[in-house]
Structure formats: C-alpha cells, structure tokens
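Have a look at the model first.

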Amino acid sequence: MPSDFSPDRFADKLATCSETAASIQALSGWILFHRRAIAEMVDVWYSSYKVQKAAHQVVHLYVANDVMQTGMRKYGRDIPDAFAEKLMLAIAITMSEGTQKTQDVVRKLVQVWRERHVLSDEVIDTMSDMCSTVVNARKDALKDTMALAKQHAAATNNDDESLVLQDIPDAVDWEMTRDTIRMIEELEGEVVSTDLLSDRMFQLSSNLHYFAQATTTSDDDETTTTEWDQLEIPVFEIDLDGSATHVAAFRRHLENQLDKRTALTAHFTSLTNHVVLDDMSLIEIAARMDDETKDMQALLDLCVEAAEAKEQKRKEYEAALRRRHSHPDRQ
C-alpha cells in the first residue's frame with residue numbers, strides 16, 4: 001500500500017470534494033492510484049455517504065461513477081465490482097429516504113451503468129428494481145390513501161352515494177395525451193444522456209487547455225517542447241480513443257435532442273389547431289351525456305307530475321274538510 005494513503009485522509013478528501021468535474025476526476029485519479037486499498041476505500045465511501053446531506057451524496061455518487069468507469073477501462077472489472085455491494089446499499093438508502101434530486105441522479109447513473117456494462121446484469125437489475133420499487137410503493141401508498149378516503153366518504157354519506165362514487169371508472173388517457181407524454185420522455189432521455197457526457201466534455205476541454213499552456217514551439221527550428229511539470233493534472237493519461245467516442249456520442253445526443261425539441265414544439269403547435277369536436281371519443285362522450293340529460297329530464301318530469309298529483313290530492317282533501325265543517329248538521 002502506498003505510504004501516503006490512510007482512511008482518514010481519504011475521508012477528508014471525500015468531505016472536501018466539490019461537484020465540479022475537475023474536483024471529482026482529481027479525487028478519482030487519487031483513488032485509482034491507491035487502488036490496492038480499494039476495498040477499504042469503498043467502506044470509507046459508504047460510511048461517509050450515509051451521513052452526508054443530499055447535495056454531497058450526489059458528489060459521492062459522481063466520484064464512484066468516475067472511479068468505476070475509468071478503473072474499468074484501465075485496470076479491468078475489479079474496480080467496479082469492488083463498489084457493487086456498497087453501491088446497492090447506498091441506493092437502497094437514497095430510494096427510501098433521499099431527496100427527489102438524489103433519486104433522479106441514481107436513476108440516471110443506473111441507466112448509464114447498464115448501457116456501458118459497468119456492472120454485472122444481476123447487480124444492475126437489482127438496482128433497477130430498487131428504483132422501480134420506490135415508484136410502485138408511492139403508487140400503492142396513493143391507492144391506500146384513496147381507499148381511506150372512500151371509507152371516510154362511506155361513513156359520512158349514505159350508501160347509495162358511496163356506491164356511485166365507487167362505480168366511477170378510471171379515466172383513460174387520451175391518445176394525444178399519450179403521444180405528448182411519450183415525446184417528452186424521449187426528449188428527457190436525450191437530455192439526460194447529454195448531461196451525463198457534459199462533464200467529460202468540460203474535462204477534456206480543460207485537459208487540452210492545460211496541455212496547450214504547457215507546450216511551447218521554438219522560433220528557430222519550430223520544434224515543440226512540453227513542460228510536464230507545469231501540468232496541474234495528469235494530461236498524459238487521456239484516453240484518446242475513448243475521448244473520441246465520447247465526443248461523437250455527445251454530438252449525436254445533441255443532434256437528437258435538437259430533433260426531438262423541434263418535433264415536440266411542432267406537436268404543441270398542432271394542438272392549437274386541433275378541432276376537438278372531430279375526435280370520435282369526444283363525440284361518443286357527448287352522445288352519452290345527451291342521453292343521460294334526456295333520461296334525467298324524463299325523471300324530473302315524472303317528479304314534477306307526481307308532485308302536482310300530490311298537491312291536487314291535498315287540495316281536494318282540504319276542500320272536503322271545509323265542506324264537512326260548513327254543514328255539520330248533515331253528519
């Protein structure tokens with residue numbers, strides 16, 4: 001183990017790491033340099049993660065992500081495999097107690113790890129189940145809340161009214177609504193993919209800038225000299241092939257994002273010209289409402305007729321009483 005490594009020193013570096021790409025990748029490089037202590041560092045990482053606030057938990061996740069992906073490219077699968085168990089525990093904590101932002105970061109990273117095969121399929125499937133389990137749990141909680149509301153309604157209203165409420169069918173999404181949701185989700189996917197690569201693009205640009213600053217060209221023979229001691233980061237470790245792949249992917253996602261934004265804008269524009277009366281589902285609903293209106297009008301007419309008949313009988317009864325009192329001798 002390198003002499004300058006210690007768990008306390010690593011914990012201090014984690015605590016002071018910021019969300020900037022330079023800070024995250026600098027710490028990632030330090031961890032990989034001390035990779036012989038990776039198991040001990042993962043334990044420190046998890047212990048620190050549990051006690052951090054949401055914002056710094058996100059930094060911990062980004063550090064783990066960079067270490068796993070960079071470590072896999074340079075040293076093989078042992079690096080990401082070392083994180084697998086503690087990462088699942090951290091994700092379990094986040095998906096049950098974390099903020100919405102932290103949970104969104106977890107979902108994005110799990111998606112990236114699946115696409116790039118950073119972790120085994122079994123581990124990724126478990127992480128995905130954790131993410132979806134929380135969503136389902138929230139839906140179940142909503143259903144429980146609705147059930148309690150219906151019970152309360154049944155206790156405070158008459159039985160007929162509660163039965164009517166329970167028989168109301170669930171609303172069915174309109175086709176145009178489904179299309180809109182699908183287009184928004186597709187755009188969101190491209191935005192997520194672009195954001196995940198943006199940090200690497202920023203770091204690559206910074207590396208090239210540092211390299212250019214440390215490179216000088218002689219005026220005499222036009223030879224190029226690089227002063228390596230001026231470099232603030234290990235520029236010589238740049239993976240050129242990997243960087244070229246990332247740049248191409250970043251450009252592709254940007255182009256896809258532009259296409260989907262244009263398509264979504266056109267879709268929203270078309271909604272302003274949509275004639276709702278031409279939609280067959282709305283026509284059927286309107287027809288049913290007309291029939292129900294006629295039925296209710298018929299019921300109202302019967303009620304009015306019954307009320308008039310009852311009033312007539314009352315008047316006849318009162319008239320008979322008056323005649324009886326006006327001629328008592330006839331009794």
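Where does Arg 36 lie? Arg 36 sits in the loop between helix 2 and helix 3 (helices are DSSP runs of H or I, at least four residues, numbered from the N terminus). Keep in mind that this is a predicted model, where local features need pLDDT of at least 70, side-chain atom pairs count only at pLDDT 80 or more, and totals for chains, interfaces and linings use all residues. Residues are numbered from 1 along each chain as its sequence is written, and side-chain values use heavy atoms, leaving out hydrogens and water.

The C-alpha atom of Arg 36 is separated by 9.9 Å from that of Ile 79, 43 residues apart along the chain.

| Residue | Relative accessible area | Class |
|---|---|---|
| Arg 36 | 67% | exposed |
| Ile 184 | 41% | partly exposed |
| Gln 103 | 1% | buried |

Gln 103 belongs to helix 6, and its side chain reaches the backbone oxygen of Thr 94 at 3.1 Å. Ile 184 is part of helix 9 (residues 175–213).

Now for the core. The largest nonpolar core has 42 residues, and Phe 10, Trp 45, Trp 113 and Leu 119 touch the most other members (such a core is a set of buried Ala, Val, Leu, Ile, Met, Phe, Trp, Tyr and Cys residues joined through side-chain atoms within 4.5 Å). Helix 1 (7–16) and helix 7 (121–156) are among the helices that each supply at least two residues of this core.

Key
Buried < 20%, exposed > 50% of the residue type's maximum accessible area, 1.4 Å probe, protein only. Polar contact = N/O pair within 3.5 Å; in protein donor to acceptor, adjacent residues only side chain to side chain.
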